[in-house]
Amino acid sequence: MYIASPDNPKPQPTRLLGGALALFAEIAISMGLAALVKQISTDISLITILFCRYLFCLPLLLWLGWYQRGAALFKIHQKSVLTVRILAGLAGLSSWFIAISYLPISLATVLGALLTIFITLLAPFFLKEVVGRRRIIAVIIGFSGVLFLINPFSEQTGNLSLIGLTAGLAMPFFAVLMFIFLRRLGRTEAAISTTLWYNCVGTILFAAIMLASGAQFPSLNAENSFVWLVLLFAGVGSSFQQFFMAWSHELAPASALAPVHYSSVPLSFFIGIAFFDEKITVSFILGTGIIIGSAWYIFQRERARKIAR
C-alpha cells in the first residue's frame, strides 16, 4: 500500500495500475530475453550476444534522443559520474548474462533479489546513511538464504558452476552501484542522454572485445534464423525494457511499484520448469523466501524511516 503525504500525494488507482502493468511488461521482456539468451548461449559466444544487445538497442534510442533533445542528445555535465554508471552497468549486464548461461535461470533470478540487501551494505559508503541494527540483522539473514539456495550437500546443486555463482552474486552488486550513480545523474542530466552514452560505449567496447577474441557472428542462413532473431530481439527488446521502466516510474512512485519487482521470481520458476527442466527443491524455496523476506523487511524499514522524517 502506498502511503500518501502532503508532498507526495496518493496517485490515482488507474495510474498505479498503469505503472504496475508497465513495470510487469519490462520484467516479462527481461525474463523472456534471459530465457532466449540461455537457449543460444551454448551455440554462440556471450561476447557476440552482448555486442548485438547493445548495437540493436541503439536505433530506437537514437530516434528518441533526437526527438527529445535534438543536437544536444549527447550533452552531459557530470562526466565522471557517468563513467562510473557506465562501468557498473556494463559489469552488471555482463554478470547477468554469464549467470543465466551457467546457472538455472530460477537461481540466477533469485540471486538478483539480493539487490536490496546490497543497497543496505553500500549505503554507508555511497549515500552516507546510518544503517541500524535491525537492517544489519536483516542483511545477515538475507545472505544466509544463499546457503539454502546453493545447498552444497544436495546432489542437484552441489556441482553448480563457480563462475555462474560468482557472476550471480556480482550482478546485484554492480546493479546497486549503477542505480546509485543513476540517481546522482538524474539530478542534472537527461535520462535519454545517459542511456545513449551507456549503450554506445557498450557497443564500442564489445565490438573491440569481439575483434580481439576472434568471436564470430553466426552464419546468415536458414539454420541460424532463430539465433539471429534472438540477437535482434536482445537489442530491440532491451529498448522497450528501458521505455517501460521509465514509463512505470512516471505513472507511479517506486515505493508503490516495489512488490511488482518480485514477480520475476515466479516467472523464472515457470520458465525454468517449462523450458529447461529445472527442479525446484524445498531448500530452494526456503532460501528464496529468506532472501525476499529480508529484502522486503529492509524496504519497509527504509520507507518507514523516510515517512518519519
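A residue counts as buried when its relative accessible area is under 20%. By this cut-off, buried residues make up 48% of the 309 residues in the protein chain. The model is predicted.

The protein chain holds 12 helices and 0 strands. The chain exposes about 16,000 Å². Carbon and sulfur atoms supply 69% of that area.

Helix α4 spans residues 105-112, and helix α7 spans residues 162-186. The two pack at an angle of about 35°. Their axes lie 8 Å apart. The crossing of α4 past α7 is right-handed. On the α4 side, the contact is made by Leu-107, Ala-108, Leu-111 and Gly-112. On the α7 side, Leu-165, Gly-168, Leu-169, Met-171 and Pro-172 take part. By class, this contact has 7 nonpolar residues, 2 polar residues and no charged ones.

Leu-169 belongs to helix α7. Its relative accessible area is 33%. Buried residues fall under 20% and exposed ones over 50%, so Leu-169 counts as partly exposed. Residues up to four places away in sequence are set aside for its contacts. Leu-169 then touches Leu-111, Leu-114 and Phe-118. Of these, Leu-111 is in the α4 side of the helix contact described above. Leu-169 can also be placed relative to Ala-113. The two stand 56 residues apart along the chain. Their C-alpha atoms are separated by 9.9 Å.

Ser-95 is found in helix α3, which covers residues 79-102. The relative accessible area of Ser-95 is 9%, so this residue is buried. Neighbours within four places in sequence are again left aside. Ser-95 is in contact with Ala-167, Ala-170, Met-171 and Phe-174. Met-171 is also among the α7 residues that meet α4. In general, an α-helix has 3.6 residues a turn, so residues three or four places apart point the same way.

Helix α11 runs through residues 264-276. Its buried residues are Ser-264, Val-265, Ser-268, Phe-269, Ile-271 and Gly-272. Most residues other than glycine have a negative phi. Asp-277 has its positive value although it is not a glycine.

The relative accessibility of Asp-277 is 56%, so Asp-277 counts as exposed. Its side chain meets that of Lys-279 in a salt bridge. The N to O distance is 3.5 Å. Lys-279 is exposed, as is Asp-277. The structure holds 1 salt bridge.

Terms used
Residues are numbered from 1 along each chain as its sequence is written. This is a predicted model: local features need pLDDT of at least 70, side-chain atom pairs count only at pLDDT 80 or more; totals for chains, interfaces and linings use all residues. Side-chain values use heavy atoms; hydrogens and water are left out. A salt bridge is a side-chain nitrogen of Lys or Arg within 4 Å of a carboxyl oxygen of Asp or Glu. Buried means under 20% relative accessible area, exposed over 50%, partly exposed in between (1.4 Å probe, protein chains only). Axes are lines fitted to C-alpha atoms, for helices over the stretch in contact, and angles run from 0 to 180 degrees between N-to-C directions. Helices (H or I, at least four residues) and strands (E, at least two) are DSSP runs, numbered from the N terminus. A crossing is left-handed if the near helix is turned anticlockwise from the far one by less than a right angle, and right-handed if clockwise. Contact means heavy atoms within 4.5 Å. Ala, Val, Leu, Ile, Met, Phe, Trp, Tyr, Cys and Pro count as nonpolar, Asp, Glu, Lys and Arg as charged, and the others, Gly among them, as polar. Accessible areas come from the Shrake-Rupley method with a 1.4 Å probe; for residues, only the protein chains shown count as cover.
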